[in-house]
Structures are given as C-alpha cells and as structure tokens.
2 protein chains.
Amino acid sequence: MGDYDRPVFFHLMEYAANADRDVVDMVSGNPDWEPPEALREGLAAYVSADVDTFQYPPSEGLAELRAEIAARRGVDRERVVVTNGAGEANYLAMAEALESQPGDEILLVDPVYPYYHKRTELLGGTPTFVAADADGRVDPAAVRAAASDETAAIVVNSPNNPTGAVYGRETKQELVDIAERHDALLVSDEVYDHFVYEPDAFESALAFDSANVAVTNAFSKSMAITGFRVGYGVYPERLVDDIRTRHMLVNVAGSRPAQHAVLHALRETPAEYYERNRSMLEERIDAFCAALDAAGAEYTRPQGAFYVMARFDGYPGTLAHTERLIDEAGVAGMPGDAFGESRAEWLRFAVVTPRAEEAAERLANYFG
Amino acid sequence: MGDYDRPVFFHLMEYAANADRDVVDMVSGNPDWEPPEALREGLAAYVSADVDTFQYPPSEGLAELRAEIAARRGVDRERVVVTNGAGEANYLAMAEALESQPGDEILLVDPVYPYYHKRTELLGGTPTFVAADADGRVDPAAVRAAASDETAAIVVNSPNNPTGAVYGRETKQELVDIAERHDALLVSDEVYDHFVYEPDAFESALAFDSANVAVTNAFSKSMAITGFRVGYGVYPERLVDDIRTRHMLVNVAGSRPAQHAVLHALRETPAEYYERNRSMLEERIDAFCAALDAAGAEYTRPQGAFYVMARFDGYPGTLAHTERLIDEAGVAGMPGDAFGESRAEWLRFAVVTPRAEEAAERLANYFG
C-alpha cells in the first residue's frame, strides 16, 4: 500500500460541488430516494430503548436479523454473519479463501469494482483479470481457462457495477463448477439484486448447493442506506466458524442502532417499496439511454444495477476528461479507467438523480 | 484459527441467565448506566435527517467528529481515524505494525485482554508475554528485557482490563522509549480513561511527541454504548495513510447513525455526566472491596476501569469454578484463566450492577 488512496469518486464529487456552474451529479452510487418508512420507524423506536439494548449485540449480528435473512435466503441461520456492509462481507470471504487455500490467486473480472482489486492486494493475494465482453458479461470459458489450483477465490458482482451486466443461471452454474473443480471459493456479491430490469435474468449463487460458494449482500442499496453499514455473508458451513472469528477479531460486532432499524424495515416493508424504486430507476435509465441514442453515443444498456457506461468518440475515460466534462458540459460521471483497462475509453454515469435525462441532453449538446 | 471461539463471557451470561436461582451478573463489561441525554437526542435528530445523510460518511469518519476528537486530544485531525470501536482501532494498529516492521513479535502484558492475544495470532504475529506484578502493573524493565528488533508492537491497556492497574507518566515514558529504540509501535488502548480513581495517576501516551505511538479509544464505555461501535485511533503521521487505506478496504466506512449520535453527545454532554458515573463506580468498588475484606479474600483494588480481581483459597479461576459460583453462590464473574496463566487462581468481577455490594456479601457467606 502506498499513499492514502482517496477514492476517485470522493474527489469528483468535491470537484463537481466546487464547479462554477450547475452540475448534474452522476458520480457516486448513493441512492437519492427515500429509505423505507419502517427504517426510520425502527430507528426512532431504538432511540428510547433500554440501556441494555445499547450494549454489544452478538458478534455475528442480532439473532432476529440473522433469522429474517436466513428465512428469506432459504439457508441455515448458522451460515449467516451480519457484517459492516457488503464491503466487510467480501473482505471476510476473500481473507478466508486466501488463508484456507494453498493458492494466492484471486480471479476478478475486468472491468472491476476497484475495491475487489485493492482488497486483493491488501490481503497479499495476486489478482488475475478475466476480460468481460463488450456488454460486460463474463465468458465462463475464459474463467475456466484462467482458473487453476492456484486460484483461491473467484469474485463476481451481478448485477454488475459498473457494466450493468446480469449473470444468469447458466453462467452461475459454470462459475460454481469451476470453483468446485479447483476447490476455490466463488464469492458472489449480489448487492444490486433488487435492481434487475429483465425478468428472470438474475440467479443467486445460493441456488446451487455448493460448499464452494459465499454470497454477500447488504441493505445499502435496496433500502437506500449506504451509510448504515449493514450487510451480510452467507458462507459455507465449513468456513463460517473461521469467518465469525475473523469478524470478531477485526470488528468485535456491528453497530446496533443500524441493525435494529434494518430488522424492523426488513419485517415491515412491503414489496411495493422495492418495486417502486426499481421502476423509477428503469424509467431514468430509459430516458438517459434515449438521449444517448439521440446523441449518437455508444453505450451499454444495463440489465441491472443503476449505472450506464457510455463512450464518446475521441473522449477517453480519464480523470482529466471527467473533470473537463464537469466544467464544460455540467455533467459529472466516473472515468472508466478507474474500473480497469478494458473500459479506459468509457465513462460511467449513475442514475441516482432525477435529472438523468437532462444530463443526457447536456451530453448530446456537448458532443453533438 | 480453529472452531468459532465464542467468547467465554457470552457463555457465562447465558449460563447465569438460565440458572435456577437469582444471580448477580458481574460477567461482562457492559455499562448498566444511562448514556448521555444528548446521545439519544442526537440519534433522534438523525431519524428525520435528509436521505443524503443516510449515505456513506467519509471512510475516515465524519469530519466534524474527527475535528471534535482532534481538538480534545490536541492532535492534528489528519491523524484521527474513526473506527468501528476500539476493537477495530487496535486491529488497524497491530496489522499496520506487523506490515511496516520487519519483526513479527507483539509484546503483550499477562494478564491480557484476550482479544489482543487472539488478534495477534489472526494477523500471523507471535505474541510474547511480559508478566505484570501482583497489582497488575507492568515493569518497564521487564518490557525492555523482552523487546528486540523483532518487536513490531507493544500493546498496553491502561486503565487495565482485567486488573484495574493504571500506568502513570513514568511507565508510559519508558514504554515510548522502548518502542522508539526498536522502531516498534506502542499501541496504547485508553478506552477506560474516564474511569480513574486516583487523581493524576493516568497519563495518555499522547503526552509524548513520538512517531512510534498509536493511541486507541472509544465512546463505548465513557458513554455507555458498547453496541454503537464508535471508536478512534490517533496514529502517527507516517502510518496514518496506510491505516486509512486498510480501514477503507476492510470496512469501507463506519456506521453513520452511531457517528451522528456520538458527535452530538460529545459536543453537548457536560463534564458532570462523566464525573457522576465515575463516582458511582468508585462507590460500588468501595462497597465490593469492603465486603471482600470482611470475607477475608485477597483482591486487587482497581486504580481505574471497573473490574475487581479477587482470589479465594482453594478456588481457582476456571470456567468450571465460575459456573459453580453461579449455581452455589448466585454470583457470576469471569474466570481469571481467560486472561492468561498469571491470573489462573483469580476471578474477575465487573461492577456494572447496582448489586455489587450484595454480590460481595454472597461471596463472603459462601467462602466464609
């Protein structure tokens, strides 16, 4: 590790905020919609709870919260560890894979969510990248060719940030097979699973009964609470004890006010809440993509998550170009090169603003 | 790591709760007193905050919270990282020490807070124990004799759990000198610094201007909120960038509701709140020790923190004996052997109950 690696998105959000003009912020993946009503209710109830309830929760998470998660995912509660967001859930899976396997290689898909790559390096692992196709989908044959007994883990994210690709049943089955063949751990980060725009496109890795699968998730996106840091991992029985120990020795336990709020929201939030947000995002994506079409831009229409990658001729996806776009077009996105070489010509736009269509029109005017 | 190491105190709390008789619970270090009023106020205000405020806080903690901490500790804000409790603050310091130093040894004091020992093993370090004296104080000469260029870190806790010892200026100065001589990191865990019963006995390691000192702390005990998980580290400038990166890659960020509540409480809580709890604990300790005197027990009167270690002839500090004490005397403590060999004949009692005096009388009757 070297200098403190301030994430590019913090820099760009600041840059956009300090710009001399109106800027549509499409940088971060921070939801701009309301959390469930029951989330605020649950937190409000906790405010006046007994002081006992302000003390350490169980290290592995509130028992009721684990039970709710286990019931929804159809797994044994003992396999569920509540974590400090999906970030810690992924960290625990990757650290355990490297410790329990002889190999030190972690297979990642390029373009990559930058945390996976940097976390691999922090843990002393060796990242190997498998290139996705133009639409962001991973070719299982390419993963199979790259995997070996040196492979400790294969980390995938579907629906995918940044490409919006969704891996279906067949791809997931092949990834599970590859993990089993090399006794690696398939870490399936499914944090965008509430945001899928093609019916039945998505399959959770939990659909496969395998001792080589860890599924990670969080309430950060589905409940619009990225700052609460409540996530979870569903880990294989053979690894979960070690993972609980690591979680305990790193964090002792998660933060209890957030866990209580999420527990109440999980129980009380109707399906319509999630459906409404999904529909709203789909409309934003439609409008944004239509304006990109009008601008003649190349882009990938996401099957899931809430990012659109677009490419403008002669305008590579670097930090400098992203800053120029803020200054000259009034639109802030993320440089594609932050996600790896394969998207160095692209820009990523998060549709976490009601002004997505306006932003696309600005892009059309600027590049048109 | 082996099987999930469920902390002994969880087991004993359950055992006590399931006992067939009334039991005074002196097992955990969970405060039983009220948090500051402003803590609940701060959390209540957050409940109705804008949705922006529900998203990722800065990875290193809310800027205002870091500023408040920095001002109180008299350090540059850039050195402060807000963590998931003192647990994570210690984890980050120990991991960084092992990574940045050639040696893999971590010096610990016996009796030891078990997390330090297990965390050292998790990180692949080699723990070396320096025995404390009968009162729980560490002899700097013994630390000097044990330290070498293999020493990556020296981890101390003052006021101390479990002994109640408080290390004064002279001891701290010597520990800083030893760390500097071997370019090791002195990790000074000061989480009980609001609970010192001898005026001027305590000195923070921040009193010494050294690039080899990390001070860790939390609001868990001082605000009676062990479940909120808000702590911090003040790290040397030369290490803080790497530590921030590690924190980000493990946890992304801390939980924001808890940080907002603590920020408000830190600003608005009068000194009387802390003084009142300190006095109350001192009275409980007085009463408990007086009853132990009456029982003819050997014990260590704590200079700080809120634990009393006691020894009863022919009654070693094992888990089995602790369970027997629950069943036969109606008092639940912690076995001394959970803290290392040197206290294998002792039991630890936490005065986190208004019934401390009653418990001591039960012990007097049982052993008398």
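Some ground rules come before the structure. The model is predicted, so local features need pLDDT of at least 70 and side-chain atom pairs count only at pLDDT 80 or more, while totals for chains, interfaces and linings use all residues. Residues are numbered from 1 along each chain as its sequence is written, chains are lettered from A and ligands numbered from 1 in the order in which they are written, and side-chain values use heavy atoms, with hydrogens and water left out.

Let me start with the two chains. The same surface serves both copies, since 100% of the contact residues of chain A recur in chain B. Contact here means heavy atoms within 4.5 Å.

Next, an annotation. UniProt, in an unreviewed entry, places the feature "domain: Aminotransferase class I/classII large" at residues 22-358 of chain A. Its positions are given in the numbering used here, feature names are shortened, and annotations may be inferred rather than shown by experiment. The end C-alpha atoms of that span lie 12 Å apart, and the span is 39% helix and 17% strand. Helices (H or I, at least four residues) and strands (E, at least two) are DSSP runs, numbered from the N terminus.

Now helix 11 of chain A, residues 319-329. Which residues of this helix are buried? They are A:His321, A:Thr322, A:Glu323, A:Leu325, A:Ile326 and A:Ala329. Buried means under 20% relative accessible area, exposed means over 50%, and partly exposed is in between, with a 1.4 Å probe and protein chains only. For the spacing, recall that an α-helix has 3.6 residues a turn, so residues three or four places apart point the same way. The buried residues of helix 11 pack against helix 1 (8-17), strand 11 (331-332), strand 12 (334-335), strand 13 (347-350) and helix 12 (356-367) of chain A. After helix 11 comes A:Gly330, with a positive phi near 75 degrees.

On to the aromatic rings. Rings of Phe, Tyr and Trp (its six-membered ring) pair if their centres lie within 6.5 Å; planes under 30 degrees apart count as stacked, over 60 as edge-to-face and the rest as tilted. The count is 38 aromatic pairs over all chains. One of them joins A:Tyr315 and A:Tyr366, edge-to-face, at 6.3 Å centre to centre and 90 degrees between the planes. This pair links distant parts of the chain: A:Tyr315 is in the loop between strand 10 (307-311) and helix 11, A:Tyr366 is in helix 12, and the two are 51 residues apart. A:Tyr315 is buried, at 4% relative accessible area, whereas A:Tyr366 is partly exposed at 25%. A:Tyr366 also pairs with A:Phe367: the ring centres are 4.9 Å apart and the planes are at 75 degrees, so this pair is edge-to-face. A:Phe367 is partly exposed, at 23%.

Ring pairs also link A:Trp33, A:Tyr192, A:Phe195, A:Phe306 and A:Tyr307 into a cluster. As for charges over rings, A:Arg343 lies over the face of A:Trp346, at 5.8 Å from the ring centre. The rule is that NZ of Lys or CZ of Arg is within 6 Å of the ring centre and within 35 degrees of the ring normal. In chain B, B:Arg343 lies over the face of B:Trp346, at 5.8 Å.

Last, two loop residues. Is A:Glu190 buried or exposed? A:Glu190 is buried, with a relative accessible area of 0%. This residue is in the loop between strand 6 (185-189) and strand 7 (213-218) of chain A. Not counting residues up to four places away in sequence, A:Glu190 touches several others, among them A:Arg73, A:Lys172, A:Phe202 and A:Asn217.

B:Pro302 is in the loop between strand 9 (298-300) and strand 10 (307-311) of chain B, and counts as buried at 3% relative accessibility. Leaving aside neighbours within four places in sequence, B:Pro302 is in contact with residues including B:Thr163, B:Tyr197 and B:Val308. B:Pro302 and B:Phe312 are 10 residues apart in sequence and 17 Å apart in space, C-alpha to C-alpha.
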